[in-house]
Each structure stands twice: as structure tokens, then as C-alpha cells.
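The entries follow the order in which I looked things up.

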Amino acid sequence: MIMILGSTHDDILYFESVMVNKKEDIIFDKYKALIGTIFNQEVVLVWDIFTCYESSLVTSYIIEKYFVILAFVVGKCVAFSPNLETGDIVISRRILIGDVNQVKEANVRLGQIPKFPHSFESDPEVIKYLTASIEKRSFVKNELCSVVSSNVVLDTHERIKNIEMGGYVLGHNHNVVCDCTSGGVAIAGHLHKVPVIAVKVVERKIDEKDTTEAYIKVLKHYSDVGKSVVTCIGDIGRNDVIRED
């Protein structure tokens, strides 16, 4: 089973539209999940998840219940790096936690949970297939990024100042974006040894305000993300990239 998690129904709407043999599940009497097939691969969609607290719990539950072997996190993000523009598609090279400060612990860095890695690296084989899928299915600019994920919306320099120094965020200054769900999925994936990759559309730059125009542009590129992820799922299935232990 492959999991695709979004914050809103808009985030996963494309996948729902191409899914067949659908059936619903309700998780913790709160979150709706949709199970079906895409390119003969079993897929579970889940949405209405807005924080890392929720995404970690829900992902862990879904992995155990449905034997998930790969997790995608989709939706929108905020760009910290100035080279990224509204509508760009970003793929996680790594995922970092943006609201953890346990540096008084021995051998623990800012943003690191004790006994966990400082950053959760995305599977290079999945990145390769996904990048190829985006280039095949879309003319939209795409970049490999460091995704800084937090329960707090890190959309201003004031909010990010505790983890930013000299233009670096948690030690990274190239292609940095922020979201509120990928970190929880990465934690659950690490515990269950399931690869996690975030594929996001940049909604705005840091310090910029939400606008209707920006969100409409993001929605237009959701189909590019959807087509690319679906193509990637098909390629992964045909080439047996992810193997169940």
C-alpha cells in the first residue's frame, strides 16, 4: 500500500479522481481515509490533517493497519529561499523538524529529537523516479529542497528566527521551504522504516500574505503534482523500487 497525505481535500482531489475501486475508512472517528487502486497499486488517501502532531499519529496508524511501504506528503508550502517562486514544485531531499529544541542533551543539535536523526533523508531512488515523472508530465519548475516542518506556521522571519542564523535554517540555506505536516510523517516513517517524500507547491514566499490569486495558482499546479506522483507510482510498481521486508 502507498499512502498519500494532504492537509485539505483540494490537496488529494486529483488522486481521488483517478482512483478506482474506492472504499472509505474513518480513523480515530475523526479523519476520513479513501482506499483504492491507482495503476494497479493499492493506495490510501488521507486529508484534513494540519499539524505534525496529527500527521505522525495518523501515519503510524495507517502504516500498521494497511502495511504501507511508501508515503507521499502533498499540498502547499512557504518558501524561505529567495529563488523559489509561487507555483514552483518542490521535492524533499530531506525533512527537518522546526519546533524542537533539546540542545542541552548530549550530542543533540537544534531541531533534533533525541535518538532520532537531525534530518530525515528522502529515498534517492524515489526522488529519481519522481523527478523524472515531473519532467515528463509538467513544464513547471521543480527543485529538490530541505523541508522544515513544524506545528507552527513558519511564514515570517519573526516566526523562524529561533532556528535561523545568517541565512541558514537548521544548517541549510539552499532551497528551504516550510510546512506543517511532513515532519510528523517523517517521524512515523523513520520508526516503521517506511520511505517518506514530500511533494509540495510553493504558495508564497516568507513574509508574504495569503492571497486568493496565489492559492488559485497553487490549485492549477496540483494537477501537475498529481499526474507526476501517479506516474511515479506506476514506474515504482513496474520496477519494484520499494520492496516489502
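**Entry 1: terms and model.** I count a residue as exposed when its relative accessible area is over 50%, as buried when that area is under 20%, and as partly exposed in between. The model I examined is predicted.

**Entry 2: salt bridges.** My search gave 13 salt bridges in the structure. I looked up K136 and D235, which form a salt bridge with their closest N and O atoms 3.8 Å apart. K136 lies in helix α3 (residues 124-137) and D235 in helix α6, so this pair ties together parts that are 99 residues apart in sequence. I checked the accessibility of both partners: K136 has a value of 54% and therefore counts as exposed, the cut-off being over 50%, whereas D235, at 10%, counts as buried.

I then turned to D155 and R204, whose side chains meet in a salt bridge at 2.9 Å, N to O. D155 sits in the loop between β8 (142-149) and α4 (157-160) and R204 in strand β12 (residues 196-205), so parts 49 residues apart in sequence are tied together. I noted D155 as buried at 13% relative accessibility and R204 as buried at 5%. Both residues belong to a network of salt bridges that also links R159, E203 and D210.

My last pair was D179 and K200, with a salt bridge of 3.1 Å, N to O. This pair links distant parts of the chain, D179 being in strand β11 (residues 176-179) and K200 in strand β12, 21 residues apart. I found D179 buried, with a relative accessible area of 5%, and K200 buried, with 2%.

**Entry 3: aromatic pairs.** A search of the whole structure gave me 3 aromatic pairs. One of them joins F28 and Y61, with ring centres 5.0 Å apart and planes at 55°, so I list the pair as tilted. F28 is in the loop between β2 (20-27) and β3 (31-38), and Y61 is in helix α2 (residues 52-66), 33 residues apart. I recorded F28 as partly exposed at 46% and Y61 as partly exposed at 28%. F116 and F120 form an edge-to-face pair, 6.4 Å centre to centre with 65° between the planes; both residues are buried.

Entry 4: Which residues line the largest cavity? I found D11, F15, V74, G75, V199, Y222, V225 and G226. The space in this cavity is about 40 Å³. I assigned the largest share of the lining, 3 residues, to α6. By class, I counted 5 nonpolar, 2 polar and 1 charged residues in the lining.

Notes. Residues are numbered from 1 along each chain as its sequence is written. This is a predicted model: local features need pLDDT of at least 70, side-chain atom pairs count only at pLDDT 80 or more; totals for chains, interfaces and linings use all residues. Side-chain values use heavy atoms; hydrogens and water are left out. Rings of Phe, Tyr and Trp (its six-membered ring) pair if their centres lie within 6.5 Å; planes under 30 degrees apart count as stacked, over 60 as edge-to-face and the rest as tilted. Helices (H or I, at least four residues) and strands (E, at least two) are DSSP runs, numbered from the N terminus. Buried means under 20% relative accessible area, exposed over 50%, partly exposed in between (1.4 Å probe, protein chains only). On a 1 Å grid over the protein atoms alone, a cavity is a set of points where a 1.4 Å probe fits but cannot get out, and a pocket is an open set with protein on both sides within 12 Å along at least five of seven lines; lining residues have an atom within 4 Å of a point. Grid points are joined across faces, edges and corners, and a volume is the space filled by probe spheres set on the points. Ala, Val, Leu, Ile, Met, Phe, Trp, Tyr, Cys and Pro count as nonpolar, Asp, Glu, Lys and Arg as charged, and the others, Gly among them, as polar. A salt bridge is a side-chain nitrogen of Lys or Arg within 4 Å of a carboxyl oxygen of Asp or Glu.
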